[in-house]
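Thank you for making time this morning. I would like to walk through one protein chain with you, beginning with a single residue and then widening the view.

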Amino acid sequence: MLFAIVGLLVVAGEILAGPNSTTGCNCGFGYELLEHRLEQMELKKQKEFEVQNALLESMVKGLTTLTQQTSQMLNRQINHQKRIIESCEDVTTSGRYRLQLPNQPTPITVICEAETHDGGWLVIQSRSSGSVDFNRSWTEYKDGFGHGEFWLGLETIHQLTKAGDQELLVQLKNENGHPGYGHYKRFQVAGADQKYRLSSLGEFSGTIGEELNLNMNKEFSTYDKDNDRWTDGHCAQLFGGGWWFSYCSLA
């Protein structure tokens, strides 16, 4: 019984003691393994840092490019608005410009359309979202109103077209969003003394029909100036906007 106990103690002593002095100490191997793992972790962190740094540099570069492009666009827009032109045919980019009318002391701000139908168009009316109320007085239609959606002004349109060498392009979309256009080779509006009569429309081409010809030689009407041909009512009040009304159903 005693022998058996001693044998157990010896075995246990060998397990707990590990290598004895005759085989040498292996404690250096554990240190080298720990050092190697630390180096691997350091290299991994360094690679992660390099990837994050490259990503950050790419983002900064992209933001710088975007800022430069935005600045260039703003500068072009500012230059457009400062530039004084004599016709929208003088420009190659759509936008706002300062236009000098003949025999007028100061230029006016206009919108030129340079892409549609070979460009060179001056926009006299824009309506799309209904954000601007077009049921305006005679004075407002004479002088112009709106921003985004707008009416240029009867007096300005008269000054632009009185020479009789202007064309008219009408662009519309129906309730389904399908576009159409009408092109008149001649467009002229008389002066205030003739109540801004639609005095000339030339040859028509397009896809929307030439109903505007029905308004030829008609005077302009607003809710406070009834110049239409309807004897029993007032077209501008009925439709809530100014136009060269004839009989309301034919406007």
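Predicted model: local features only at pLDDT ≥ 70, side-chain atom pairs only at ≥ 80, totals over all residues.

S137 counts as buried, because its relative accessibility is 12%, where buried means under 20% relative accessible area, exposed means over 50%, and partly exposed is in between, with a 1.4 Å probe and protein chains only. This residue sits in the loop between strand 5 (125-126) and helix 3 (138-143); helices here are DSSP runs of H or I with at least four residues, strands are runs of E with at least two, and both are numbered from the N terminus. If we leave out residues up to four places away in sequence, S137 touches T222, Y223 and D224, a contact being heavy atoms within 4.5 Å.

Residues are numbered from 1 along each chain as its sequence is written, and side-chain values use heavy atoms, with hydrogens and water left out.

Now to the chain overall. It has 5 helices and 11 strands, and buried residues make up 28% of its 251 residues. Among contacts between residues at least 6 apart in sequence, 38% join residues at least 24 apart. The accessible surface comes to about 17,200 Å², with 54% of that belonging to carbon and sulfur atoms; these areas come from the Shrake-Rupley method with a 1.4 Å probe, and for residues only the protein chains shown count as cover.

Which residues have the most contacts inside the largest nonpolar core? They are W151, F187 and F220, in a core of 29 residues, where a nonpolar core is a set of buried Ala, Val, Leu, Ile, Met, Phe, Trp, Tyr and Cys residues joined through side-chain atoms within 4.5 Å. Strand 2 (95-99), strand 3 (108-113), helix 3, helix 4 (154-161), strand 9 (179-189) and strand 10 (198-201) each supply at least two residues of this core, and the largest share, 3 residues, comes from strand 9. Setting aside neighbours within four places in sequence, W151 has contacts that include F134, Y141, F220, W243 and W244.

Let me turn to charged pairs. Side chains of opposite charge can pair when their charged atoms come close. A search of the whole structure finds 3 salt bridges, each defined as a side-chain nitrogen of Lys or Arg within 4 Å of a carboxyl oxygen of Asp or Glu. E140 pairs with R136, with the closest N and O atoms 3.0 Å apart, and E140 is partly exposed at 29% relative accessible area. K142 and D143 meet at 3.5 Å, N to O, and these residues are partly exposed, K142 at 30% and D143 at 48%. In the remaining pair, E167 and K185 have their closest N and O atoms 3.8 Å apart. Because E167 lies in strand 8 (residues 166-173) and K185 in strand 9, this pair ties together parts that are 18 residues apart in sequence.

I will finish with a point about the backbone. Most residues other than glycine have a negative phi. H117, however, has a positive phi near 45°, and D118 has a positive phi of about 70°. H117 is partly exposed at 36% relative accessibility, whereas D118 is exposed at 81%.
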